[in-house]
Amino acid sequence: MIPSILKISFLKFVNLCKNLSKLDKLNDQESEGKILGLTKLKLTPYTKIAVPFLLGRSIRGLSFNKNLKKDLFGNFIHEIIKGRDEDMIIESLFSHLKNEKNSNAAISVGLKNNHNLAKYPAWALVMPWETITIEKKFNIYRKQFINSRSKHNVNVKKNKNLNDEDIFYSYEYAKSQYIQTKKLLENIKKEGFKPLRYDDSPKIFVLINNNEWRWCMSGEGNHRAYISSLLGNEAFECVIESIVDKKKISNFYNVKSGLYSYSEANFIFDSYFSGGESLRGIV
(Lines give C-alpha, C1' and ligand atoms only; values in the text may rest on other atoms or scores of the structure.)
Protein backbone atom coordinates (compact mmCIF):
# COMPACT_ATOMS: atom_id res chain seq x y z
CA MET A 1 0.00 0.00 0.00
CA ILE A 2 2.73 2.49 0.96
CA PRO A 3 4.69 2.16 -2.31
CA SER A 4 1.46 2.67 -4.24
CA ILE A 5 0.62 5.80 -2.24
CA LEU A 6 4.14 7.13 -2.76
CA LYS A 7 3.92 6.46 -6.49
CA ILE A 8 0.60 8.26 -6.80
CA SER A 9 1.92 11.19 -4.77
CA PHE A 10 4.99 11.41 -7.00
CA LEU A 11 2.87 11.31 -10.16
CA LYS A 12 0.65 14.07 -8.80
CA PHE A 13 3.76 16.15 -8.19
CA VAL A 14 5.05 15.50 -11.72
CA ASN A 15 1.68 16.50 -13.18
CA LEU A 16 1.62 19.63 -11.04
CA CYS A 17 5.04 20.59 -12.42
CA LYS A 18 3.78 19.85 -15.90
CA ASN A 19 0.77 22.08 -15.32
CA LEU A 20 2.81 24.95 -13.85
CA SER A 21 5.19 24.72 -16.80
CA LYS A 22 2.21 24.83 -19.19
CA LEU A 23 3.23 21.48 -20.63
CA ASP A 24 -0.16 19.86 -20.08
CA LYS A 25 -1.77 21.33 -23.18
CA LEU A 26 -1.13 20.56 -26.85
CA ASN A 27 -1.00 23.41 -29.32
CA ASP A 28 -2.77 23.37 -32.70
CA GLN A 29 0.15 21.84 -34.60
CA GLU A 30 0.70 19.14 -31.97
CA SER A 31 -3.03 18.36 -32.02
CA GLU A 32 -2.70 17.72 -35.75
CA GLY A 33 0.08 15.17 -35.17
CA LYS A 34 3.25 17.27 -35.39
CA ILE A 35 6.15 16.84 -32.96
CA LEU A 36 7.71 20.16 -32.01
CA GLY A 37 10.42 21.17 -29.58
CA LEU A 38 8.46 20.56 -26.36
CA THR A 39 6.05 17.89 -27.57
CA LYS A 40 7.94 14.93 -26.10
CA LEU A 41 7.96 16.63 -22.69
CA LYS A 42 4.20 17.03 -22.93
CA LEU A 43 3.97 13.32 -23.77
CA THR A 44 6.00 12.16 -20.77
CA PRO A 45 5.00 8.62 -19.69
CA TYR A 46 2.79 8.25 -16.59
CA THR A 47 1.45 11.80 -16.89
CA LYS A 48 -2.03 13.01 -17.76
CA ILE A 49 -2.89 14.54 -21.11
CA ALA A 50 -5.99 15.31 -23.16
CA VAL A 51 -5.37 13.79 -26.58
CA PRO A 52 -7.43 14.55 -29.72
CA PHE A 53 -9.54 11.75 -31.18
CA LEU A 54 -8.32 12.99 -34.56
CA LEU A 55 -5.05 11.17 -33.79
CA GLY A 56 -6.56 8.29 -31.81
CA ARG A 57 -6.63 4.58 -32.56
CA SER A 58 -8.79 2.02 -30.81
CA ILE A 59 -7.13 -0.95 -29.15
CA ARG A 60 -7.85 -2.76 -32.44
CA GLY A 61 -5.82 -0.22 -34.40
CA LEU A 62 -8.66 1.68 -36.07
CA SER A 63 -8.97 5.44 -36.35
CA PHE A 64 -11.67 6.78 -34.01
CA ASN A 65 -12.52 9.53 -36.50
CA LYS A 66 -12.39 7.68 -39.82
CA ASN A 67 -12.67 3.92 -39.43
CA LEU A 68 -14.56 3.08 -36.25
CA LYS A 69 -17.29 1.40 -38.33
CA LYS A 70 -14.75 -1.37 -39.03
CA ASP A 71 -14.38 -1.96 -35.28
CA LEU A 72 -16.87 -4.66 -34.27
CA PHE A 73 -16.75 -3.69 -30.62
CA GLY A 74 -17.07 -0.02 -31.50
CA ASN A 75 -20.23 -0.87 -33.45
CA PHE A 76 -21.54 -2.82 -30.45
CA ILE A 77 -21.18 0.26 -28.23
CA HIS A 78 -22.64 2.50 -30.94
CA GLU A 79 -25.79 0.36 -31.01
CA ILE A 80 -26.15 0.72 -27.23
CA ILE A 81 -25.76 4.50 -27.44
CA LYS A 82 -28.42 4.60 -30.16
CA GLY A 83 -30.81 2.70 -27.87
CA ARG A 84 -31.24 -0.37 -30.05
CA ASP A 85 -32.99 -3.49 -28.72
CA GLU A 86 -30.98 -5.16 -25.95
CA ASP A 87 -31.50 -8.75 -27.07
CA MET A 88 -30.60 -7.88 -30.65
CA ILE A 89 -27.37 -6.13 -29.60
CA ILE A 90 -26.25 -8.98 -27.36
CA GLU A 91 -27.12 -11.60 -29.98
CA SER A 92 -25.16 -9.69 -32.63
CA LEU A 93 -22.04 -9.53 -30.45
CA PHE A 94 -22.42 -13.22 -29.59
CA SER A 95 -22.59 -14.04 -33.31
CA HIS A 96 -19.28 -12.21 -33.90
CA LEU A 97 -17.74 -14.04 -30.94
CA LYS A 98 -18.73 -17.41 -32.39
CA ASN A 99 -17.05 -16.47 -35.66
CA GLU A 100 -13.88 -15.54 -33.80
CA LYS A 101 -13.81 -18.69 -31.65
CA ASN A 102 -11.74 -20.77 -34.06
CA SER A 103 -9.25 -18.01 -34.83
CA ASN A 104 -5.75 -17.71 -33.38
CA ALA A 105 -3.39 -14.88 -32.47
CA ALA A 106 -1.60 -14.99 -35.83
CA ILE A 107 -4.81 -14.68 -37.86
CA SER A 108 -6.12 -12.00 -35.51
CA VAL A 109 -3.14 -9.73 -36.15
CA GLY A 110 -2.92 -10.45 -39.87
CA LEU A 111 0.24 -12.57 -39.71
CA LYS A 112 -0.99 -16.06 -40.56
CA ASN A 113 2.56 -17.28 -41.28
CA ASN A 114 3.82 -16.43 -37.79
CA HIS A 115 3.92 -19.93 -36.30
CA ASN A 116 4.75 -18.70 -32.79
CA LEU A 117 1.58 -16.61 -32.67
CA ALA A 118 -0.47 -19.37 -34.30
CA LYS A 119 0.11 -21.61 -31.27
CA TYR A 120 -2.07 -19.32 -29.15
CA PRO A 121 -5.75 -18.34 -29.21
CA ALA A 122 -6.75 -14.87 -30.40
CA TRP A 123 -7.50 -13.73 -26.83
CA ALA A 124 -3.85 -14.24 -25.81
CA LEU A 125 -2.52 -11.78 -28.41
CA VAL A 126 0.10 -9.23 -27.31
CA MET A 127 1.43 -6.35 -29.39
CA PRO A 128 5.16 -6.09 -30.26
CA TRP A 129 5.60 -3.13 -27.89
CA GLU A 130 3.75 -4.59 -24.89
CA THR A 131 5.97 -5.65 -21.99
CA ILE A 132 4.37 -9.04 -21.37
CA THR A 133 5.09 -12.35 -23.06
CA ILE A 134 2.31 -14.15 -24.86
CA GLU A 135 2.97 -17.17 -22.61
CA LYS A 136 2.35 -15.12 -19.48
CA LYS A 137 -0.82 -13.56 -20.83
CA PHE A 138 -2.07 -17.00 -21.83
CA ASN A 139 -1.46 -18.24 -18.29
CA ILE A 140 -2.95 -15.32 -16.34
CA TYR A 141 -5.65 -13.81 -18.55
CA ARG A 142 -8.34 -16.44 -17.99
CA LYS A 143 -8.51 -15.69 -14.26
CA GLN A 144 -8.42 -11.92 -14.86
CA PHE A 145 -11.14 -12.28 -17.48
CA ILE A 146 -13.47 -14.22 -15.18
CA ASN A 147 -12.96 -11.77 -12.31
CA SER A 148 -13.64 -8.80 -14.58
CA ARG A 149 -16.68 -10.24 -16.36
CA SER A 150 -18.27 -11.65 -13.18
CA LYS A 151 -18.62 -8.08 -11.89
CA HIS A 152 -21.08 -7.41 -14.69
CA ASN A 153 -22.81 -10.78 -15.08
CA VAL A 154 -22.89 -13.38 -12.32
CA ASN A 155 -23.63 -16.05 -14.92
CA VAL A 156 -20.06 -15.89 -16.17
CA LYS A 157 -19.18 -19.05 -14.28
CA LYS A 158 -16.05 -19.59 -12.23
CA ASN A 159 -16.09 -23.25 -13.17
CA LYS A 160 -12.48 -24.33 -13.73
CA ASN A 161 -13.65 -27.27 -15.83
CA LEU A 162 -15.03 -25.03 -18.56
CA ASN A 163 -12.95 -24.77 -21.73
CA ASP A 164 -11.48 -21.32 -22.45
CA GLU A 165 -13.63 -21.03 -25.55
CA ASP A 166 -16.76 -21.61 -23.48
CA ILE A 167 -15.86 -18.58 -21.36
CA PHE A 168 -14.30 -16.14 -23.80
CA TYR A 169 -16.87 -16.67 -26.53
CA SER A 170 -20.03 -17.24 -24.52
CA TYR A 171 -23.41 -15.52 -24.58
CA GLU A 172 -22.82 -14.65 -20.93
CA TYR A 173 -19.69 -12.72 -21.90
CA ALA A 174 -21.61 -10.78 -24.54
CA LYS A 175 -24.30 -9.96 -22.00
CA SER A 176 -21.71 -8.84 -19.43
CA GLN A 177 -20.35 -6.38 -21.98
CA TYR A 178 -23.82 -4.99 -22.58
CA ILE A 179 -24.48 -4.57 -18.85
CA GLN A 180 -21.12 -2.88 -18.28
CA THR A 181 -21.46 -0.50 -21.23
CA LYS A 182 -25.08 0.42 -20.48
CA LYS A 183 -24.30 1.21 -16.84
CA LEU A 184 -21.20 3.23 -17.75
CA LEU A 185 -23.09 5.17 -20.42
CA GLU A 186 -25.88 6.04 -17.97
CA ASN A 187 -23.35 7.22 -15.38
CA ILE A 188 -21.53 9.37 -17.95
CA LYS A 189 -24.78 10.95 -19.15
CA LYS A 190 -25.73 11.70 -15.56
CA GLU A 191 -22.40 12.78 -14.10
CA GLY A 192 -20.12 13.36 -17.08
CA PHE A 193 -16.59 12.03 -17.32
CA LYS A 194 -15.20 12.11 -13.80
CA PRO A 195 -11.69 13.45 -13.07
CA LEU A 196 -9.01 10.81 -13.44
CA ARG A 197 -7.69 8.72 -10.58
CA TYR A 198 -4.24 7.28 -11.21
CA ASP A 199 -5.25 3.78 -10.16
CA ASP A 200 -8.27 3.73 -12.48
CA SER A 201 -7.53 5.83 -15.53
CA PRO A 202 -7.60 5.12 -19.26
CA LYS A 203 -4.09 4.34 -20.52
CA ILE A 204 -2.65 4.96 -23.97
CA PHE A 205 0.47 4.20 -25.98
CA VAL A 206 1.97 7.13 -27.88
CA LEU A 207 3.24 6.10 -31.31
CA ILE A 208 6.08 8.17 -32.80
CA ASN A 209 7.20 8.07 -36.42
CA ASN A 210 9.93 10.65 -37.06
CA ASN A 211 8.23 14.03 -36.52
CA GLU A 212 4.68 12.70 -36.35
CA TRP A 213 2.73 11.10 -33.50
CA ARG A 214 -0.50 9.19 -32.94
CA TRP A 215 -1.96 7.41 -29.92
CA CYS A 216 -3.69 4.09 -29.35
CA MET A 217 -5.56 2.55 -26.46
CA SER A 218 -3.92 0.03 -24.14
CA GLY A 219 -5.93 -2.50 -22.13
CA GLU A 220 -7.45 0.04 -19.71
CA GLY A 221 -10.28 2.47 -20.32
CA ASN A 222 -11.47 1.20 -23.68
CA HIS A 223 -15.19 1.49 -22.95
CA ARG A 224 -14.71 5.12 -21.89
CA ALA A 225 -12.73 5.86 -25.05
CA TYR A 226 -15.36 4.39 -27.37
CA ILE A 227 -18.20 6.15 -25.55
CA SER A 228 -16.39 9.49 -25.46
CA SER A 229 -15.64 9.32 -29.17
CA LEU A 230 -19.13 8.19 -30.15
CA LEU A 231 -20.70 10.96 -28.05
CA GLY A 232 -18.83 13.45 -30.23
CA ASN A 233 -16.08 14.60 -27.88
CA GLU A 234 -13.01 15.99 -29.61
CA ALA A 235 -10.47 14.99 -26.94
CA PHE A 236 -9.94 12.25 -24.38
CA GLU A 237 -8.27 12.65 -20.99
CA CYS A 238 -5.94 9.78 -20.18
CA VAL A 239 -2.57 8.74 -18.80
CA ILE A 240 0.35 7.90 -21.09
CA GLU A 241 1.52 4.33 -20.45
CA SER A 242 4.60 4.43 -22.65
CA ILE A 243 6.18 5.81 -25.82
CA VAL A 244 6.43 3.53 -28.86
CA ASP A 245 9.03 4.93 -31.24
CA LYS A 246 9.29 3.32 -34.67
CA LYS A 247 13.05 3.91 -34.69
CA LYS A 248 13.32 1.48 -31.77
CA ILE A 249 11.37 -1.43 -33.27
CA SER A 250 14.32 -3.82 -32.88
CA ASN A 251 14.18 -3.12 -29.12
CA PHE A 252 10.45 -3.72 -28.73
CA TYR A 253 9.89 -6.27 -25.96
CA ASN A 254 8.21 -8.91 -28.12
CA VAL A 255 10.62 -8.40 -31.00
CA LYS A 256 13.61 -9.04 -28.76
CA SER A 257 11.81 -12.12 -27.41
CA GLY A 258 11.47 -13.48 -30.96
CA LEU A 259 7.66 -13.48 -31.03
CA TYR A 260 7.70 -10.96 -33.89
CA SER A 261 10.27 -10.34 -36.59
CA TYR A 262 11.40 -6.78 -37.30
CA SER A 263 9.33 -6.65 -40.50
CA GLU A 264 6.22 -8.01 -38.75
CA ALA A 265 6.49 -5.44 -35.97
CA ASN A 266 7.04 -2.74 -38.57
CA PHE A 267 3.87 -3.83 -40.39
CA ILE A 268 1.82 -3.69 -37.18
CA PHE A 269 3.22 -0.31 -36.17
CA ASP A 270 2.46 1.18 -39.60
CA SER A 271 -1.05 -0.26 -39.53
CA TYR A 272 -1.81 1.26 -36.14
CA PHE A 273 -0.26 4.55 -37.18
CA SER A 274 -2.44 4.80 -40.29
CA GLY A 275 -5.52 3.49 -38.44
CA GLY A 276 -7.09 1.68 -41.37
CA GLU A 277 -7.22 -1.99 -40.39
CA SER A 278 -8.44 -4.01 -37.43
CA LEU A 279 -5.62 -6.11 -35.98
CA ARG A 280 -7.21 -7.60 -32.88
CA GLY A 281 -10.25 -9.69 -32.07
CA ILE A 282 -13.21 -8.74 -29.88
CA VAL A 283 -12.04 -10.44 -26.67
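**Figure 1. Salt bridge between Arg60 and Asp71 in the predicted model.** Arg60 and Asp71 form a salt bridge whose closest N and O atoms are 3.9 Å apart. The two partners are 11 residues apart, and each is placed in the loop between strand 2 (56–57) and helix 4 (72–81). Arg60 and Asp71 are both buried. The whole structure contains 9 salt bridges according to the search.

**Figure 2. Salt bridge between Glu220 and Lys203.** The closest N and O atoms of Glu220 and Lys203 are 3.3 Å apart. Lys203, at 13% relative accessibility, falls under the 20% limit and so counts as buried.

**Figure 3. Salt-bridge network of Lys34, Glu212 and Arg214.** Salt bridges link Lys34, Glu212 and Arg214 in a network. Within it, Glu212 pairs with Arg214, and their closest N and O atoms are 3.3 Å apart. Glu212 is partly exposed because its relative accessibility is 22%, whereas Arg214 counts as buried at 16%.

**Figure 4. Aromatic pair of Phe53 and Phe236.** A search of the whole structure finds 21 aromatic pairs. In the one formed by Phe53 and Phe236, the rings are tilted, with 5.7 Å centre to centre and 35° between the planes. Phe53 lies in the loop between strand 1 (48–52) and strand 2, and Phe236 in strand 5 (residues 235–245), so the contact ties together parts that are 183 residues apart in sequence.

**Figure 5. Stacked pair of Trp215 and Phe236.** The ring centres of Trp215 and Phe236 are 6.2 Å apart; their planes meet at 15°, which is under 30 degrees, so the pair counts as stacked. Because Trp215 lies in strand 4 and Phe236 in strand 5, the pair ties together parts that are 21 residues apart in sequence. Trp215 is buried, at 0% relative accessibility. Trp215 and Phe236 also belong to a cluster linked by ring pairs, together with Phe53, Phe64, Phe73, Phe76 and Tyr226.

**Figure 6. Charged end of Lys137 over the ring of Tyr141.** The charged end of Lys137 is 5.1 Å from the centre of the Tyr141 ring, over which it sits.

Terms used: Residues are numbered from 1 along each chain as its sequence is written. This is a predicted model: local features need pLDDT of at least 70, side-chain atom pairs count only at pLDDT 80 or more; totals for chains, interfaces and linings use all residues. Side-chain values use heavy atoms; hydrogens and water are left out. A salt bridge is a side-chain nitrogen of Lys or Arg within 4 Å of a carboxyl oxygen of Asp or Glu. Helices (H or I, at least four residues) and strands (E, at least two) are DSSP runs, numbered from the N terminus. Buried means under 20% relative accessible area, exposed over 50%, partly exposed in between (1.4 Å probe, protein chains only). Rings of Phe, Tyr and Trp (its six-membered ring) pair if their centres lie within 6.5 Å; planes under 30 degrees apart count as stacked, over 60 as edge-to-face and the rest as tilted. A charge sits over a ring if NZ of Lys or CZ of Arg is within 6 Å of the ring centre and within 35 degrees of the ring normal.
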